[in-house]
Amino acid sequence: MGAVTTEQQKLVLNSFAMVLQNNLVTGSAVTWNEMDGEMDDRNGLAVLEQTTPRYNVTRTENGVKDLSAGTDGSVFGSELFEITGTFNANMGWGDFVKIKSIGEARESQALLGAATSLADKIDAYILAKATLASCDWTGTPNNAIAQWSDAAAAHTRLTENGVDDSELSFIMSAFDRQQLGDQLVKLPNETGAGTYRKGFSGEIDDIRTMFTNQLPNLLTGTRAQTGAGLVNGANQNVDYAAVAKAGTSNGQSMTQLIALDGFAAGATVKAGEVFTWPGVFAFDNRKQAPVSPARLQQFTVVTDAVADGAGVIAAMRIFPAMVVPGSGAGDNININTAHATVTAAPADNSVLTFIGAANTNLSPRLLIQKQAIVVNTVPLILPASDTSMRRKLKKIPLTVRMWQHSDFYTGAHGVRFDVALNANIRERRRMSRMNGA
């Protein structure tokens, strides 16, 4: 087997990094941030990020508001970001040493396969985290995005949540591309003819639109869609101050635990499922009124839950937390009003209505604002043995480590490529799942 030169190592790693970067759909759809330091087998990193509080703004006629009773309290929320995981691709030594020029690197099927497979896995991981984090879901599960209004419905939902139009991305399936293109082909003008030749591409509703096969499936739990699963006790709303800060893991800011009963013994509810309650409507805390036109607030399940033998789920974590305007006492009255999410808490024995039938695969698409998910990365430590090097991608702060290894005892040779990253939820309300009507 031929010798490996330093220049050869560099061109292989550079080509691998270029292919990886060019195949990452999520490269421009989410925020990427490289942490200081290095990740090794002992450290793992975590950081707490603060979120901005809201305030209850009032109008006073013929003077200024009397603040003799005191000013409103400030509650700063937070979210926990972590880096705990790595992704790996590898190849045999023979595939590696054959690459001796930039042309051979570009033509190497082994190098292309390793880099694109790594990009696919990273995309699938990030998109699963993002898509299943959202509580909002427009359209009918599993229906393709086939009309302008199918996509626009998700855009409308984010606007109702107070999300601006900056750095939004539609991420859809390859089948959606076919359905949208079919609609345009039927137009009796040059647009239809151009789509017939080149396919659908570009933007919908002035939002960048991308297509991938890496969107997640959600397998729902064994719970019934309706008629099983009841609120166990009224007034389960919470104070914003009690839920604003992150828990022990990422994505727990603005979540709460609720008590339920009425399930079949052993029934399951899966993380990422979405449901509604009667009489619990979405609330716009900017205009201090229910969202108009009125719609039931959707909730997502944050962690898997299982009913006990009596059909009780004593504590199921959901998002968003139910913060009711005007509730609480003291400072919490104005703080809750400023951060309200629902018009009211569900009554005792209110029935949950889930999206999708039980034990069914659902395939949501995604509208996401770039700030909603932050992918934290960190360079992996260079090993003390063997030959290794690192290269940071040019467009996103992700560092790839290439490590060549030879085993003295067996004579085996190999090359591995590793990256360290975690997709962390920054704000769930800046994402919406969507399907066709």
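A salt bridge is a side-chain nitrogen of Lys or Arg within 4 Å of a carboxyl oxygen of Asp or Glu. Side chains of opposite charge can pair when their charged atoms come close. In this structure, R401 and D418 make such a bridge, at 3.6 Å from N to O. R401 sits in strand β24 (residues 399-406) and D418 in strand β25, 17 residues apart.

The model is predicted: local features need pLDDT of at least 70, side-chain atom pairs count only at pLDDT 80 or more, and totals for chains, interfaces and linings use all residues. Residues are numbered from 1 along each chain as its sequence is written, and side-chain values use heavy atoms, with hydrogens and water left out.

Start with the whole protein. Its secondary structure comes to nine helices and 26 strands. Both are DSSP runs numbered from the N terminus: helices are H or I with at least four residues, strands are E with at least two. Of the 437 residues, 49% count as buried. Buried means under 20% relative accessible area, exposed means over 50%, and partly exposed lies in between (1.4 Å probe, protein chains only). The protein exposes about 19900 Å², and carbon and sulfur atoms supply 51% of that area. Accessible areas come from the Shrake-Rupley method with a 1.4 Å probe; for residues, only the protein chains shown count as cover.

Now the contacts (heavy atoms within 4.5 Å). Among those with a separation of 6 or more, 79% join residues 24 or more positions apart.

Return to the salt bridges. A search of the whole structure finds 10. One joins K392 and E34 at 2.9 Å, N to O. K392 lies in strand β23 (residues 387-392) and E34 in strand β1 (residues 31-34), 358 residues apart. K392 is partly exposed because its relative accessibility is 43%. E34 is partly exposed too, at 21%.

Another bridge pairs E160 with R295, their closest N and O atoms 2.9 Å apart. E160 belongs to helix α5 (residues 148-160), while R295 is in the loop between β15 (289-290) and β16 (299-301). E160 is buried at 18% relative accessibility, and R295 is buried at 13%.

What of the opening pair? R401 counts as buried, at 9% relative accessibility. D418 is buried as well, with a relative accessible area of 3%. Elsewhere, salt bridges that share partners join D136, R157, E160 and R295 into one network.

Strand β25 (residues 413-425) also holds N422. Is N422 buried or exposed? N422 is buried, because its relative accessible area is 9%. Its side chain reaches the backbone nitrogen of T84 at 2.7 Å. Not counting residues up to four places away in sequence, N422 touches E82, I83, T84, G85, Y125, V374, V375 and N376.

Next, a sheet. Strands of a sheet pair through backbone hydrogen bonds, either parallel or antiparallel. Here six strands form an open sheet with antiparallel pairing, in the order β10-β11-β18-β16-β13-β19. Its edge strands, β10 (230-231) and β19 (353-354), each pair on one side only. Two strands pair if DSSP finds at least two bridges between them. Strand β13 (residues 274-276) and β19 pair over two bridges. F275 has F354 of β19 as its bridge partner.

Finish at helix α9 (residues 331-338). Its buried residues are N332, I335, N336, T337 and A338. They pack against α8 (240-243).

Note on methods. A polar contact is a pair of N or O atoms within 3.5 Å; within protein, one must be able to donate a hydrogen and the other to accept it, and residues adjacent in sequence count only if both atoms are side-chain atoms.
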